[in-house]
Amino acid sequence: NKTASVLAFDLGASSGRALIGELTPAQGGNPELKITEIHRFSNGPVHIGNHLHWDILLLLQEVKAGIRKAFQAGFQPESFSIDTWGVDFGLLDRNGELMGNPYHYRDSQTEGLIEEVNDLIGKEKLFLQSGLQFMPFNTLYQLYAMVKAKSPKLEQAETLLLTPDLLMYFLTGEKVCEFTMATTTQLFDPTTRSWNTGLMDQLGIPSSMLLKPILPGTQFGQLTDAVCEELDVPAIKAVAVGSHDTASAIAAVPTRSATFVYLACGTWSLLGTEQQQASLTLETLENNYSNEGGVGDTYQMLKNIMGLWLLQECKREWEAKGNNKSFTELVELAKGAIAFRSLIDPDDLRFMSPKDMPEEIRAYCRETKQLIPQSEGEVVRCILESLALRYRASVEQAEKITESVYEGLHMVGGGIQNELLCQFTANAIGRPVWAGPIEASAIGNMLVQFTAIDRLADMGEARELVRRSFPVLTYEPKELAVWEEAYNRFTALAK
Ligand code: ADP
Ligand code: LRH
């Protein structure tokens with residue numbers, strides 16, 4: 001009955017971190033989970049020619065640095081795992097070597113391909129066979145772009161590994177395909193729970209590159225001798241977790257109830273409900289909801305909302321102009337700005353990768369004949385109010401599809417450090433917001449590792465552990481009348 005520890009890497013589009021999770025023994029009470037951040041690093045795209053890539057080798061170096069630091073700090077994790085954003089991948093040749101730099105999901109190669117593939121396959125058929133929201137960056141469109149470009153890499157590829165599986169392969173030498181990541185590709189059929197080879201044949205995508213998915217909780221190898229020697233660490237076990245960061249974040253939602261609505265709030269905002277199986281109805285399709293695999297035999301019916309990307313990009317643009325402000329300072333400025341001066345549809349695809357985000361927001365307001373946000377405070381306020389209103393629309397859609405009423409919204413992820421956004425969200429939905437934990441993806445990652453090494457029984461026990469171990473802040477709704485009025489303006493603007 002000793003303390004057990006595991007090492008979790010959570011790589012988001014803006015930053016990555018390594019955390020140690022320690023499960024303390026039940027000393028007369030119940031066990032608690034203690035987390036310690038070991039390493040944090042920034043992440044972002046690299047432009048080469050006309051393409052946008054991830055710096056995968058730098059990410060590998062940072063993960064290695066995290067492993068080394070964990071042992072240097074005196075921890076003895078039994079196992080480790082990595083979760084990352086969805087959809088992206090690397091291709092291995094027949095010698096098992098990585099061919100080229102993985103593309104970043106914001107690369108423009110997939111522009112226009114949703115429509116093109118819908119014309120070839122049929123939108124409804126594609127939805128029924130994938131359950132996925134039509135997002136331009138889905139793996140399906142990235143691979144189809146490579147087919148159209150007659151990519152020599154694609155012609156020679158032997159194995160496709162999604163980002164977390166690719167990093168785990170570099171460290172363990174084992175090639176696996178984790179289930180929750182597989183479900184972000186739009187090539188995986190949630191009914192048959194297997195790859196949609198018919199679809200791939202039709203589009204000319206070689207299906208032999210894809211491995212049979214393994215479930216979260218599967219132990220599949222250990223650090224290679226070479227990595228252990230390089231880092232001077234023992235050969236700890238590798239576990240497949242909910243390797244999609246969203247799946248891991250949802251696993252750490254401290255809900256008591258089986259029916260609940262959540263918002264994982266980081267670079268993206270993922271809002272949805274947990275289901276036992278994929279919801280493949282016309283209503284789900286019409287509302288552009290997604291069905292993605294979750295941990296513990298769940299399907300997540302959720303929606304990708306553009307999220308704090310909008311704010312991150314404004315911050316980056318202002319920094320490039322020599323104006324450095326932290327998120328805290330920007331949120332303070334937004335508090336002082338006038339309410340509901342201008343609203344945007346955060347999900348308009350024009351905001352996916354614009355050159356200058358503040359200018360794109362101004363252009364949207366100009367074109368929709370609203371007041372144009374000028375100052376930083378005005379721009380940030382516009383973003384946060386618009387996101388909160390989009391969350392309300394999405395909660396209402398989820399309620400319609402699932403024929404349920406939710407009492408409040410669980411918010412998790414880095415974005416909950418933005419208290420103004422949490423309050424706006426409570427106001428917009430007219431219900432309480434329960435915020436916490438911040439490091440949900442890393443915690444969800446740890447929880448699955450603890451089940452794999454037999455320290456936790458199941459995800460029910462895991463969520464109970466999260467409730468016991470981390471604080472949750474409640475935001476009560478306020479100013480309902482003005483938010484109602486703003487919502488009417490928003491729905492007229494954003495379909
Ligand atoms: P990722 O999806 O990249 O993993 P995170 O979960 O780390 O994202 O969340 C990053 C977001 O959290 C940032 O875009 C920022 O808006 C928000 N954030 C981070 N720190 C703060 C802070 N101190 N105050 C307000 N917001 C913050
Ligand atoms: C959030 C996320 C989301 C994906 C996007 C590419 O980090 O994983 O679920 O759709 O990144």
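Guide: Isoleucine 214 counts as partly exposed, because 17 C-beta neighbours lie inside 10 Å. Please keep in mind that this is a predicted model. You will find isoleucine 214 in the loop between helix 8 and strand 11 (219-222). Leaving aside its neighbours within four places in sequence, isoleucine 214 is in contact with Val176, Cys177, Glu178, Phe179, Phe220 and Ala240. Now set isoleucine 214 against glycine 436: they are 222 residues apart in sequence, and their C-alpha atoms are 29 Å apart in space.

Glycine 436 leads us to a peptide bond worth a look. Most peptide bonds are trans. The bond from glycine 436 to proline 437, however, is cis, with omega near -5 degrees. Proline 437 belongs to the loop between strand 18 (433-435) and helix 17 (440-452).

Helix 2 (113-121) packs with helix 4 (residues 139-148) at an angle of about 85 degrees, and their axes are 10 Å apart. Helix 2 and helix 4 are therefore roughly perpendicular to each other. On the helix 2 side the contact is made by Leu113, Ile114 and Val117, and on the helix 4 side by Leu140, Tyr141, Tyr144 and Ala145. By class, this contact has 7 nonpolar residues, no polar ones and no charged ones.

Between helix 2 and helix 3 there is a loop that holds glycine 122. Glycine 122 is exposed, because 12 other C-beta atoms lie within 10 Å. Its C-alpha atom is separated by 28 Å from that of threonine 159, which is 37 residues apart from glycine 122 along the chain.

Next is helix 3 (residues 123-130), where Leu126, Phe127, Gln129 and Ser130 are buried. These buried residues pack against helix 2, strand 9 (188-189), helix 8 (197-203) and helix 11 (282-286). Just after helix 3 comes glycine 131, with a positive phi of about 70 degrees.

The buried ones are Thr163, Pro164, Asp165, Leu166, Leu167, Met168, Tyr169, Leu171 and Thr172. Just after helix 6, glycine 173 takes a positive phi of about 80 degrees.

Arginine 193 has a positive phi of about 55 degrees although it is not a glycine. Arginine 193 sits in the loop between strand 9 and strand 10 (194-195), and it is partly exposed, with 14 other C-beta atoms within 10 Å. Glutamate 479 also has a positive phi, near 50 degrees. Its place is the loop between strand 19 (473-475) and helix 19 (480-493). Glutamate 479 counts as partly exposed, with 14 C-beta neighbours inside 10 Å.

Finally, the ligands. There are 17 residues around ligand 1, and Gly12, Ser14, Gly266, Thr267 and Gly414 come nearest. Helix 12 (309-320) and helix 13 (327-336) each supply at least two residues of this shell. The largest share, 3 residues, comes from helix 13. By class, the shell around ligand 1 divides into 5 nonpolar, 12 polar and no charged residues. Around ligand 2 there are 14 residues, of which Trp85, Gly86, Asp245, Thr246 and Trp268 come nearest. The shell around ligand 2 has 6 nonpolar, 7 polar and 1 charged residues.

Notes
Residues numbered from 1 in each chain as written. Chains lettered and ligands numbered in written order. Predicted model: local features only at pLDDT ≥ 70, side-chain atom pairs only at ≥ 80, totals over all residues. Buried ≥ 20, exposed ≤ 12 C-beta atoms within 10 Å, placed from the backbone. Helix = DSSP H or I, 4+ residues; strand = E, 2+ residues; numbered from the N terminus. Contact = placed C-beta atoms within 7 Å. Axes fitted to C-alpha atoms, helices over the stretch in contact; angles between N-to-C directions. Parallel < 35°, antiparallel > 145°, perpendicular 65-115°, else oblique. Nonpolar A, V, L, I, M, F, W, Y, C, P; charged D, E, K, R; others polar. Near = placed C-beta within 6 Å.
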